[in-house]
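This briefing covers two topics: the surroundings of a ligand and a contact between two chains. Please have the sequence and the structure open while reading.

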Amino acid sequence: MSAILEARSLTRTLAGPKPVHLVRDVSLTIERGAFTTIVGPSGCGKSSLLYLLGLIDRPDSGELLFDGREVSALSGDERASIRLARFGFVFQFHFLLPEFSALENVMLPMQRLGRLDRDGARSRALELLTAVGLGEKSANTPDRLSGGERQRVAIARALANDPVLILGDEPTGDLDSRNSARVIEDLRALAHEGGRAVACVTHDPGIAEISDVQIEMLDGRIEKIIDRRARLPAA
Amino acid sequence: MIGRAGFLVTIALRHLARRRRQTAVAVSGVAVGVGFFLAVSALMVGSQNDFIEQLIDAAPHIIISDELRSPSPQPGVRVFGKGAVALHGYKVRNEVRGIKDWQAIVSAANSVSGAVASPSLTGGVTLRLGGHDEAIGIVGVEPEIEKKISTIEDKLRVGHLHDLETTQGGIIIAEDLAKRLGVQVGDIVAATSSSSSGRSMRVVGLFKKGQTQLSSGTGYVLLREAQSLLGRPFIINRIGVKLADPYAAEAVAARLESRFGYKAESWQERSADFLSLLVTRNVIMYSVVSAILLVASFGIYTVVSNNVSDKRRDIAIMRSIGFSEGDLQFIFVVEGLVLAIIGVLFGWLLGYGLMTILGSLRFPIGGDVERIPLDRSARQYAIAALVSFLAGSLAAWLPARKAARVDPVDILRGAV
Ligand SMILES: Nc1ncnc2c1ncn2[C@@H]1O[C@H](COP(=O)(O)OP(=O)(O)OP(=O)(O)O)[C@@H](O)[C@H]1O
Ligand SMILES: [Mg+2]
């Protein structure tokens, strides 16, 4: 298993009269082929860590290696192009552009990357939406989709550019248990069969239990890392 | 690259389509600004062009007279000019007034492509009819040549310039002078000058009154006639030159003057005061109308600025997906530019309409019904568009920078 992302002593503090220590001295690796979950009580810094790992936020100290390359000091544009081409995000609250249909929202990262032409992007977007069960509603704008449907559009969009790393912040938070189970199965499959790295913040113990690696956080620090793959018999 | 720009433009258009009313207000602001810019500048530039045209046409583009800018040195000074000898009281040589070697000047002027030079002789005579005297300046011309360099022919109420050639002793005078003298076309007046005995002249034509460039005290006669009337046979004291390009007048005049020594005055020199007045007028006009266009772009600032505040969440999404700061900047500058473009298009229509209305108005001036002179050239449209695009993108630039600087983490955290 190869590490796609490696964090060494990441620290992130919000400056101010009373500094807020969001993430303290976090070291971990996110590996291809593994479904990783990040758990912990509300406010312990899970989202903050995810933003650091996703190159959206910059650490105050520590190192972050993506594919073996130090990325925390790269320029904003370089980090943006890594996010665009290699990462897929599903946020805690679905974030779709309201002026665009579900299909167009999914096309957005593809069009920005420009690897596919418009028609190519359109047919791939339709495939992705069909995969999350929304092929019929691809023309709907977000205000004509339910919360769960929007979350599925966001998942489809995260997969648009065929990312190597998928980061989710409670991607199933808005879904009922049946849909939630389906999404988690899909994410696991992306990791196990597609050779991608998938890391999700979750409050759901059921999801954490079936993950390959479970990172437990408390108060900005890593409390414990449970690697379930170690217990599996070597196949 | 073009594909990406087009894609970013569609995002900008979607944002604008969402805010139809605000967009409409900003667009109409620009449209009104552009429309009035066009109307005002058409008026200003139109009347200015009309003034200049009249200036240019009023008299030949260059007038060479028998004057010198500085008196030519006397022979004694010419010989001992740099010597350590002071010369006083030497006998001054009297020179006959008039342009010497004028044929050479005329042919030099004619050699400029498209140029026509017309020699003439001016002088003062007194016209008398019964007990009534009028002192006037007469201009002796060759009608066929003079016609090519001046607009005299258009200024005649009655008769033609070439009537001077067909009528013995013909003279053309202003209609109000004719009225004062009590003569009509075909009547005889007596003309006398200081250097000749009187002769009879027959009125063959009348100028319209109220022509600024032709005072009522001017009369046109045949060159030959003037020479004998003024007692100056073969003398010429004025050469008028008309050029194909009036704006070359200054250069050509300078060349002729330095070559022949006689004062050669271009129309620009003649009207220097007036032209500098026009420059001031233009500065004032362009500052006022630019201010109009600038104010119009405030509307653009408001719309783009509101869009940026409204779309902070969307900006955060796009940034975290991997859009660059430059992309966001581009999207919002394009929004401003699109508003400016639509505004300019409507403004062009409005301006066109206003100009059509202005152009259809008629004013009675000096007995003739005149149109307002308007400059309806494409240049004004282009200037209005250019200034609006610049102002629009500038107005959008500031909020767009703010959009580019949005830190997605702030928004994501805020949403949690
Ligand atoms: N802008 C801010 N100013 C001050 N404190 C903040 C700010 N943003 C977040 N925090 C604090 O930082 C800590 C970590 O927040 P974070 O969102 O990472 O927690 P979390 O583990 O994702 O919580 P949850 O499970 O509720 O989403 C929290 O205690 C929060 O109160
Ligand atoms: Mg969170």
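The shell around ligand 1 is made up of seven polar, five nonpolar and two charged residues. The model is predicted. Ligand 1 lies between chains A and B, and these chains also bury about 2600 Å² between them.

**Shell around ligand 1**

- There are 14 residues around ligand 1, and those that come nearest are Leu22(A), Ser42(A), Lys46(A), Ser47(A) and Ser48(A).
- Two elements of chain A, strand E2 (20–31) and helix H1 (46–53), each supply at least two residues of this shell.
- H1(A) gives the largest share of the shell, three residues.

**Polar atoms at ligand 1**

- In Ser47(A), an N or O atom of the side chain is 2.6 Å from an oxygen atom of ligand 1.
- For Lys46(A), a polar side-chain atom lies 2.7 Å from an oxygen atom of the ligand.
- Gly45(A) takes part through its backbone, where an N or O atom lies 3.0 Å from an oxygen atom of ligand 1.
- On its own, ligand 1 has 640 Å² of accessible area, and the protein covers 66% of this area.

**Extent of the contact between chains B and A**

- Chain A brings 28 residues to the contact and chain B brings 25 residues.
- Of the area of about 2600 Å² buried between the two chains, 62% is on carbon and sulfur atoms.
- Three residues, Arg14(B), Ile321(B) and Arg413(B), supply 24% of the area that chain B buries against chain A, which is more than any other three residues supply.

**Polar and charged pairs across the interface**

- Four salt bridges are counted between chain B and chain A.
- Arg14(B) forms a salt bridge with Glu104(A) through their side chains, at 2.6 Å from N to O.

**The side of chain B that touches chain A**

- Four helices of chain B each supply at least two residues of this side: helix H1 (2–18), helix H13 (312–321), helix H14 (325–360) and helix H16 (408–415).
- H13(B) provides the largest share, seven residues.
- By class, the residues on this side of chain B are 11 nonpolar, 10 charged and four polar.

Definitions and conventions. Residues are numbered from 1 along each chain as its sequence is written. Chains are lettered from A and ligands numbered from 1 in the order in which they are written. This is a predicted model: local features need pLDDT of at least 70, side-chain atom pairs count only at pLDDT 80 or more; totals for chains, interfaces and linings use all residues. Side-chain values use heavy atoms; hydrogens and water are left out. Contact means heavy atoms within 4.5 Å. Buried area is the accessible area (1.4 Å probe) that two parts lose on being put together, summed over both. Ala, Val, Leu, Ile, Met, Phe, Trp, Tyr, Cys and Pro count as nonpolar, Asp, Glu, Lys and Arg as charged, and the others, Gly among them, as polar. A residue is near a molecule or strand if one of its heavy atoms lies within 4 Å of it. A polar contact is a pair of N or O atoms within 3.5 Å; within protein, one must be able to donate a hydrogen and the other to accept it, and residues adjacent in sequence count only if both atoms are side-chain atoms. Accessible areas come from the Shrake-Rupley method with a 1.4 Å probe; for residues, only the protein chains shown count as cover.
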